[in-house]
Amino acid sequence: MGKKKQVTKINADEAEYQPRLQAVLLADDFAAEKFQPISLERPKVLFPLVHNPMIDYTLAWLRSSNVKEVYVVCCAHSKQVIEYLEKSEWLSVPEFTVTILENRGCVSVGDALRFVYQSDVINGDFVLVSGDIVTNMNLTQALKEHRDRKKKHSNAIMTMVIKKPKPSRTEQTSKDNTDGLVMGIHRNTKELLRYGVNGFTETFIPGKELLPDNPNFEVHSEQEDCHIDICSPVVLSLFADNFDYQHLRRHLVKGLLDDDVMGYKIFTYEIHQSRYAARVDDFKSYDTISKDVIQRWTYPYVPDIQFSRKCAVEQESDGIFKGSGVQISSFAHVGPDTYVGNGTSIGDFSKISNSVIGKGCCIGSHVKIENSYIWDNVTVQNSCQLNNAFVSDGVVIKSGVALEPGVVLSFKVVVGAKSPIIPAYSKVSLHPQPTNQDSDEELDQLTSRFSDIAEVGVSGDGYYFWSDTPRPEPEMLPAAEITSDDESFESDKDHYFDIEVAETILRAALENEALDDLKTEVTALRLSYNMTPLNCAGAVFSAVMKLALQTPYGTNAELLKSVVIIITTWRDLLKHYIYSIDEQFESIMKFEEMCSDSARDFAPLFEPILRVLYDKDVLDEDTILSWASEKDGADASDKVFVNKAQNFITGLKEAEVEDEEQ
């Protein structure tokens with residue numbers, strides 16, 4: 001166990017005192033059966049997600065969120081987690097303390113949180129996450145709302161982070177919502193009134209006007225639970241007082257919603273759609289989130305960004321990432337949305353697409369790998385076919401083997417030559433399956449069969465994990481099903497992008513968000529929508545200019561005054577995205593478009609606003625003169641705003657001549 005710190009607990013009601021922000025990170029989600037047989041040998045938080053262990057993504061986000069102390073609770077496979085953390089740089093990062101709390105006796109979230117309570121290390125509000133969370137959300141506003149709410153209502157003890165899917169993924173999310181999550185939320189206060197999932201039933205709090213027919217009661221079936229919670233220390237006390245509490249959502253949340261005595265309340269915080277938050281819960285979500293990382297929805301936590309360990313990654317076109325020392329035959333083809341790790345080699349005429357290949361792998365000739373995850377030091381010999389496969393460290397797949405969709409091969413399994421096609425959704429491990437009678441229900445009555453030539457081929461080695469129940473539905477989806485956008489969204493992508501940028505900048509203005517945080521959000525939007533710098537420059541310019549329209553005005557002079565204030569305030573943001581002549585030219589064209597369409601109030605002020613943009617160094621002289629010269633010979637309808645700015649343009653030309661003469 002990590003060294004226990006001697007701290008003094010404070011009363012949760014002492015809202016004026018704000019201790020260093022703490023977090024509890026659960027390194028075990030107590031649902032290892034979802035990743036069996038791999039999870040029998042390695043904890044999920046150490047599974048590589050693209051090329052970094054999952055726990056790195058969670059720790060990196062906590063650090064970026066100004067969390068100062070993280071308590072990592074290690075249970076199953078605790079030695080592996082501790083060894084990894086000790087070898088990483090996380091234990092030596094300045095102003096970021098990572099403390100290990102080890103208790104291999106914990107078998108549920110309830111046990112783990114009771115252990116944290118007994119360790120007496122939490123002294124205020126804390127962030128509760130598991131080590132399989134990937135997010136780039138800004139925690140500042142959620143934390144502020146949680147603390148402000150506690151000042152008014154001492155019984156507000158927990159804030160759950162939720163999120164709507166992006167427009168491009170709404171349809172897919174509805175298809176994937178097999179858990180049937182339904183939340184009842186108060187329209188104004190955002191209090192959680194109901195939380196229902198297939199498999200257990202929640203009820204409404206009796207009384208207090210929280211019934212479904214209340215006009216303030218809203219039912220949400222489209223929201224996603226991000227599994228990020230801001231908690232009062234009371235949450236730990238409730239687990240300590242209720243030993244039958246084993247699950248966070250199923251027991252604590254349900255218990256509080258059912259209770260009408262203590263009056264504790266849970267609230268929600270919805271993150272902006274430009275932010276990303278998801279949990280690796282099963283093979284399917286592992287697949288989806290891995291692709292999101294490669295496609296940069298998770299920016300800044302993307303393949304070419306460093307975490308605690310240094311690992312150079314080079315990004316090429318079409319979303320192809322390569323580590324150092326990669327050897328790819330000139331006759332091989334590596335398709336888009338693919339990562340190839342350090343020291344991996346790929347032979348002649350092999351085709352790799354929509355896949356992650358780890359470090360030190362040897363991929364032979366005429367191999368076809370699609371939508372698959374190959375971990376480290378894997379050998380795939382000639383003429384193999386892998387589709388939607390999940391292959392762990394050290395596996396050897398001999399020549400001519402075909403893996404049907406959904407096959408999972410655990411560590412060091414050998415699939416021998418001349419083996420039959422490995423059936424879809426088969427799971428193979430080098431070790432026999434556990435036969436503990438106490439775990440029959442949890443393991444779904446699985447039985448094991450010893451490997452032989454008929455199963456895993458000549459010189460093969462591995463045990464099949466078979467189920468007496470019907471084979472499951474596919475856990476990993478084809479890439480086309482995951483990554484393809486809705487057609488209507490694709491056709492209006494520019495429109496959606498402009499809207500999201502405008503909403504993001506407006507919200508940042510209202511919340512006084514730090515400029516660096518705003519830049520991160522806008523850049524994340526650009527990357528997630530796959531927009532060019534020119535598109536982004538136009539969207540940012542339009543969004544900033546429209547801020548001036550938010551202030552009431554009665555005359556052109558009052559509107560111009562607001563424009564000057566806005567451009568001065570947001571000058572650094574504008575210059576960050578409007579830095580070359582191309583971006584500046586795009587901004588002028590966007591301004592013409594606004595004056596003709598969505599922001600016609602600017603039209604009479606086109607020339608004076610152009611002067612302000614020039615004076616504030618957002619636009620330079622060469623760009624303005626180039627824009628004007630391109631209008632020579634144009635139709636009158638295309639020269640409306642050049643004519644409006646003619647005096648200013650003439651002045652720039654005269655100044656240019658004087659400079660040349662001098």
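User: What makes strand 1 and strand 6 a pair, and in which sense do they run?

Analyst: In this predicted model, strand 1 (residues 22-26) and strand 6 are joined by five bridges in the parallel sense. Within strand 6, Leu128 is the bridge partner of Val24.

User: What pairs strand 6 with strand 12?

Analyst: Strand 6 and strand 12 (residues 224-231) share three bridges in the antiparallel sense, and at least two are needed. Phe126 stands opposite Cys231 in strand 12.

User: Why is strand 6 described as largely enclosed by the rest of the structure?

Analyst: Five of the five residues of strand 6 (residues 126-130) are buried, so the strand is largely enclosed. Buried denotes under 20% relative accessible area. In a regular strand the side chains alternate between the two faces of the sheet. Both faces of strand 6 are covered, with Phe126, Leu128 and Ser130 buried on one side and Val127 and Val129 on the other.

User: Why are strand 10 and strand 11 said to stand at the edges of their sheet?

Analyst: The sheet is open, has three strands in the order 10-9-11, and is paired in the antiparallel sense. Strand 10 (192-196) and strand 11 (217-220) each have a single partner strand, so one side of each is left without a neighbour in the sheet. Neighbouring strands are turned by 15 degrees against each other on average, direction ignored. Strand 9 (residues 182-186) pairs with strand 11 over four bridges, and the partner of Met183 in strand 11 is His220.

User: How do you know that the buried residues of helix 12 line one face?

Analyst: The buried residues of helix 12 are Lys493, Phe497, Glu500, Val501, Thr504, Ile505, Arg507 and Ala508. Seen down the helix axis, they fall within an arc of 160 degrees, so they line one face of helix 12. An α-helix has 3.6 residues a turn, so residues three or four places apart point the same way.

User: How does the span of helix 12 compare with what is expected?

Analyst: Helix 12 (residues 493-511) has 19 residues and reaches 27 Å from its first C-alpha to its last, close to the 27 Å expected at 1.5 Å a residue. Just after helix 12, Asn512 takes a positive phi of about 55 degrees.

User: Why is helix 14 called oblique to helix 17?

Analyst: Helix 14 (residues 533-547) and helix 17 (residues 581-596) pack at an angle of about 45 degrees, with their axes 8 Å apart. That angle makes helix 14 oblique to helix 17, since angles under 35 degrees count as roughly parallel and 65 to 115 as roughly perpendicular. The crossing of helix 14 and helix 17 is right-handed.

How values were computed:
Residues are numbered from 1 along each chain as its sequence is written. This is a predicted model: local features need pLDDT of at least 70, side-chain atom pairs count only at pLDDT 80 or more; totals for chains, interfaces and linings use all residues. Side-chain values use heavy atoms; hydrogens and water are left out. Helices (H or I, at least four residues) and strands (E, at least two) are DSSP runs, numbered from the N terminus. The expected span of a helix is 1.5 Å times one less than its number of residues. Buried means under 20% relative accessible area, exposed over 50%, partly exposed in between (1.4 Å probe, protein chains only). The arc is that of the directions from the helix axis to the C-beta atoms. Axes are lines fitted to C-alpha atoms, for helices over the stretch in contact, and angles run from 0 to 180 degrees between N-to-C directions. Angles under 35 degrees count as roughly parallel, over 145 as roughly antiparallel, 65 to 115 as roughly perpendicular and the rest as oblique. A crossing is left-handed if the near helix is turned anticlockwise from the far one by less than a right angle, and right-handed if clockwise.
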